[in-house]
Amino acid sequence: MDWGLANRLSRIIRPETGRTVMLAVDHGYFLGPTSGLENARKTITPLLPYADSLMLTRGLLRTSVDPQKAPPIVLRVSGGSSILKELSNEDVTTSIEEAVRLNVAAVTCSIFVGGEYEKQSLMNLSRLVNEATPRGIAVLGVTAVGKEMVRDARYLSLACRIAAELGAHVVKTYFCPDFEKVIESCPVPIVTAGGKKLPEKEALELAHNSIQHGAIGVDMGRNIFQSDSPVGMIRAVRAIVHEKSTVDKAYDLYQSVLHTTANARRNVL
Ligand code: 5RP
């Protein structure tokens, strides 16, 4: 593998564990001011020391993250549709020159396999691979799921395999029953999304299951930044991903951070 690409990938996937905790805060590109990200800088800043990488758009990166404090960046470079319209109708929004200028470790876009604009989204990913790889920048392919698509192993294997065949270096998908089948048939590493906000313990179980069944990490958003203790949650997720922690131990960590923060706040008032 090209040295620059290997170096950038190793900034995202920790060489000590071969795993990664990616923090996804790119939701606004189609959802607008998502709950928890209304003041993105305030939400993101305390989480930065615990994120192996940060997935977001150039707009949020420029306005809401200090260059001196940023972890490796996974730049969302697709968009063009909102939650009010057909989501699969995406294009590449951000040039590779801008990705280089922003010193990102990877670029990312979604593919909508089975979606109305399937081909367009697959060509977006292909274009990213064509433009990013010669510059040593990695590509994360995100398997987006439309309302009408079932998140089962058959569908997700199809979508992940297509992303890998088109050249993605890492694929982001959803955990599902028989997840091993998705892992076995995808020749590149897989990270899982968190999806809609769950009770904290269930979100930690999801992270634990993903790792146990072969994912190299998580790329989690709402289950971290919508938690009543985002720092507690990201630290608990890290314990599972990097320290082989059980769900119970990780949950205890989350609760102890939650209570410490609550006590500190009470003492200030
Ligand atoms: C949308 C995305 C989102 O960034 C990501 O999936 C959201 O993460 P989470 O589901 O954990 O909130 O890639 O396609």
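A residue is called buried when its relative accessible area is under 20%, exposed when that value is over 50%, and partly exposed in between. Keep that in mind as you look around this structure, which is a predicted model. Take Glu 116: its relative accessibility is 59%, so it counts as exposed.

**Glu 116 and its surroundings**

- You'll find Glu 116 in the loop that runs between strand β6 (106–111) and helix α6 (118–132).
- If you skip residues up to four places away in sequence, Glu 116 touches Glu 86 and Ser 88.
- Now follow the chain to Gly 146, which is 30 residues apart from Glu 116, and you'll see that their C-alpha atoms are separated by 9.5 Å.

**The ligand**

- His 27 uses its side chain here: one of its polar side-chain atoms lies 2.7 Å from an oxygen atom of the ligand.
- Gly 195 uses its backbone instead, with a polar backbone atom 2.7 Å from a ligand oxygen.
- For Gly 221, a backbone N or O atom is found 2.8 Å from an oxygen atom of the ligand.
- On its own the ligand has 370 Å² of accessible area, and the protein covers 94% of that.

**Aromatic rings**

- To describe a pair of aromatic rings, you give the distance of the centres and the angle of the planes.
- Buried or partly exposed: what is Tyr 29? With a relative accessibility of 18%, Tyr 29 counts as buried.
- Phe 30 has a relative accessible area of 22%, so this residue is partly exposed.
- Another pair is made by Phe 175 and Phe 179, and this one is tilted: the centres are 5.0 Å apart and the planes make an angle of 50 degrees.
- Phe 175 counts as partly exposed because its relative accessibility is 22%, while Phe 179 is buried because its relative accessible area is 1%.
- There's also a charge over a ring to spot: Arg 151 lies over the face of Tyr 174, at 3.9 Å from the ring centre.

**Ser 210 in helix α9**

- Ser 210 sits in helix α9, which covers residues 200–212.
- Why does Ser 210 count as buried? Its relative accessibility is 0%, and anything under 20% is buried.
- The Ser 210 side chain reaches the backbone oxygen of Leu 206 at a distance of 2.8 Å.
- Leaving out neighbours within four places in sequence, Ser 210 is in contact with Phe 175 and Phe 179, along with Thr 192 and Ala 215.

**Two residues with a positive phi**

- Asn 103 is not a glycine, yet it has a positive phi of about 60 degrees.
- Where is Asn 103? Look in the loop between helix α5 (96–101) and strand β6.
- Asp 178, not a glycine either, has a positive phi of about 60 degrees too.
- Asp 178 belongs to the loop between strand β8 (170–173) and helix α8 (179–184).
- With a relative accessible area of 46%, Asp 178 is partly exposed.

Technical notes. Residues are numbered from 1 along each chain as its sequence is written. This is a predicted model: local features need pLDDT of at least 70, side-chain atom pairs count only at pLDDT 80 or more; totals for chains, interfaces and linings use all residues. Side-chain values use heavy atoms; hydrogens and water are left out. Helices (H or I, at least four residues) and strands (E, at least two) are DSSP runs, numbered from the N terminus. Buried means under 20% relative accessible area, exposed over 50%, partly exposed in between (1.4 Å probe, protein chains only). Contact means heavy atoms within 4.5 Å. Rings of Phe, Tyr and Trp (its six-membered ring) pair if their centres lie within 6.5 Å; planes under 30 degrees apart count as stacked, over 60 as edge-to-face and the rest as tilted. A charge sits over a ring if NZ of Lys or CZ of Arg is within 6 Å of the ring centre and within 35 degrees of the ring normal. A polar contact is a pair of N or O atoms within 3.5 Å; within protein, one must be able to donate a hydrogen and the other to accept it, and residues adjacent in sequence count only if both atoms are side-chain atoms. Accessible areas come from the Shrake-Rupley method with a 1.4 Å probe; for residues, only the protein chains shown count as cover.
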